[in-house]
Amino acid sequence: VTVPDFEVGYPKPKPPRDRKKDIYKPADYAHIDNRVRQQQASLNTSTYESLVNSLTAGCTTDLQKLRAIFVWLYLQNIHGSFYSRVTDPHTPKGYMKVIKTNHGSYASFFAQLCRAAAIPCNVIRGVGKGDKYVTGQQNCDNMESAWNAVYVAGEWRLIHPLWSFFQEKQTYENGLSPPAGTKRSSIEEFYWLTDPDAFICFCKSNNDEWQLLGLPWTEKKFLNNPHFTEEYFTCGLTLPNTYNALINCDTCNLLIAFEHEKYIDPTIDGRVEREYDNNDDRATSDMDMTNYVVTSSSSTKKTLVVRFPVRGWYYVDIFGGLDNAKPKLVSFRVHCQHRGKDPLPFPLNPPEGFGITQTADRYGVSDPEPDTGIILVRQGQQKRFVFTCMQKLDAKATLTHIKQNSDNLADCITTKTSDSQLDVLVNVPDESPLEFGLVIAVRKENERGDFTVVANYLLVDENWQKNVATVPPSKDEVKHQNKDDTIRRKLIAATNGDNIETLENAIGDFEHHGLDDEGDLTRAKNKLVHLHLDNLRRTTSERQLAELEKAIDSANASHVAPDLRDSDEMAEAEKTRQQLKRLKLYLHKVLALNKATIAEIHSYQRPRPLVHQVMKATFRILGEPNSRVQNWTRVQNSMRQLGHNSMLGRMGKCDVVHLKKTQVQDAEFYLSDTNIRSVRMVSAGAATFYVWSNNMISEYHGKNDEKSARNADNRNGDTKRYDFNSAYSPSPGPTPRDELKSR
């Protein structure tokens, strides 16, 4: 059966604008998966049309249909079924028989199923880093593979059914489709709708435009790229794009550094094996490399350091990430050509690596200074290590050396603790090699028992970096003169900064030119999300309306707006903005008062009781003591204040979040037996202060909204009228609690 790889009339290939996470959330398609699992045995497979119609019944989008087809294909036991009665290869069962005889492929079968559902689907042929690929190999032998490009949700997407369904990442042999493999217990979701910049790390199309990248990769770049695993792309670590799979190292030390976000703590570990060399009698392939491989951590970086004991070829596998299982993330092949004296192992190789340990949190130890686990020192130098503590601790520090006993170095260390700080001072001894391990351990003050390690450090000669190979970039990456490199460097620089506008512009420029992500764009967007959330939290806390509106508008117009709109920070910011707008509207009525009106109120020698009650409530909200507002003369004095202490100035600065419960309770009492109509009949100016006070009380209780603010003038229009006598003495009156007693 000949299945054409391409169909006429399909949309032209171009990079997708959205990422996989933007269009596909597994939880939204769980019901599709479950329905297909329940119905797959009863579906009509006599023709492609009957199968697809029953399989996609109830699906409302092409993506739902595509998922149903994909899950159904995974559930088929193609290689374990018998097809003795199947004679027509143009049916689903017939093509399954073709696959079993290695004359058909999962990619072609998937294409036929999608086309029957009117979903554009092409078969893409190229090379893939399958199980037969050897890290660092410089040719494409045994790498032939096939996968699919599917047009769904308005974009072309990449899917590799075979590698999704089977544990082995098999490739073609002698032009025949791969043989049966071991079926996965569940679908490997990485190869479903894979983002092109991640997919290219595993498979490269023979046709450049079907890489779906803004700048297609050459064969050389594909082969030189590090040998990643699927787990790398969700591990929380990012490897800068200067690393190659094949590394030439002319020193005895190799450093491979990963970056990560500040507020996550992925792990890292390494395994190094030496290739057996018939011409070298000094080492075998099973050489123990345990003390020649160490790791170091800082707040934003994880580093693997390898020391090669002898010259030769090595395989370096790196494990870790956010998963406790520590899966393999990436592999390198290293050629060490160091010609100097064979180096000694590291003086210390702690399981937690160098840097502050995760157990430090249990003792309230944090904020190490210095932050990194590898420290450059010189002989005779005093090096200080400082930590923040939450409690008083007993501390012990130990210095180790490859040739010296730790007891002989004990006098070189001083520890000092307080309720808030742990200090360790090291006088760097004169030893050769100038390389030490420092272990810092603590326990609760005056507590018996073992000390717990909270930090490890590797102290090395300040000239150590001369003997460390930081992996050089490839020749293509050395040429930073072209525009694309400039744009990428601009994005990386903006990511390392804290300016939202600069980062937004850099991301926009990067996306406009269609550059490959390679981790840079993802890292930039993650940083941008954190910056916007921090900005929303800050402006919400400061409660300045203009700044808050600027922060909200900036977030809504951001390149990462979808990640911000449903956040708790955005919800709180919107809530605060609406409240501040209402407070501004309340104050506007007061500021619009004629000065003569205010002057009239404080000119009263014996005001009507209603006026005094309103001003009591107003000044109580402004923070005046309850005893002071009882005396009209004191109220008058407060109204006569000028500048920052003026009545209107204080009202402008008054924020409902700073009100105390007693203030609001007293103000409520003063206004409890009146309404806006009664006050307005006595004094229009007092009525304005009544509305402001009443709104502040409602705002405190969370009862107001924009509509109620706009209709503030009509508030309480039908409530009970105030009924004080017209005569009123200016002498101090009872407190609200005294009045409640008398009533």
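A: Strands here are DSSP runs of E with at least two residues, helices are runs of H or I with at least four residues, and both are numbered from the N terminus. This is a predicted model: local features need pLDDT of at least 70, side-chain atom pairs count only at pLDDT 80 or more, and totals for chains, interfaces and linings use all residues. Residues are numbered from 1 along each chain as its sequence is written, and side-chain values use heavy atoms, with hydrogens and water left out.

Q: Which element gives the largest share of the lining of the second largest pocket?

A: That is β8, with seven residues. A pocket is an open set of points on a 1 Å grid over the protein atoms alone, where a 1.4 Å probe fits, with protein on both sides within 12 Å along at least five of seven lines; lining residues have an atom within 4 Å of a point.

Q: How many residues line the second largest pocket, and which lie nearest its centre?

A: The lining has 47 residues, and Asp 265, Ser 297, Lys 302, Glu 352 and Ile 356 lie nearest the centre.

Q: Now the histidine: where is His 401?

A: His 401 sits in the loop between β17 (393-400) and β18 (413-417).

Q: Is His 401 buried or exposed, and why?

A: His 401 counts as buried because its relative accessibility is 6%; buried means under 20% relative accessible area, exposed over 50%, and partly exposed in between (1.4 Å probe, protein chains only).

Q: What does His 401 touch?

A: Leaving aside residues up to four places away in sequence, His 401 touches Pro 347, Leu 409, Glu 431, Ser 432, Pro 433, Glu 435 and Phe 436, where contact means heavy atoms within 4.5 Å.
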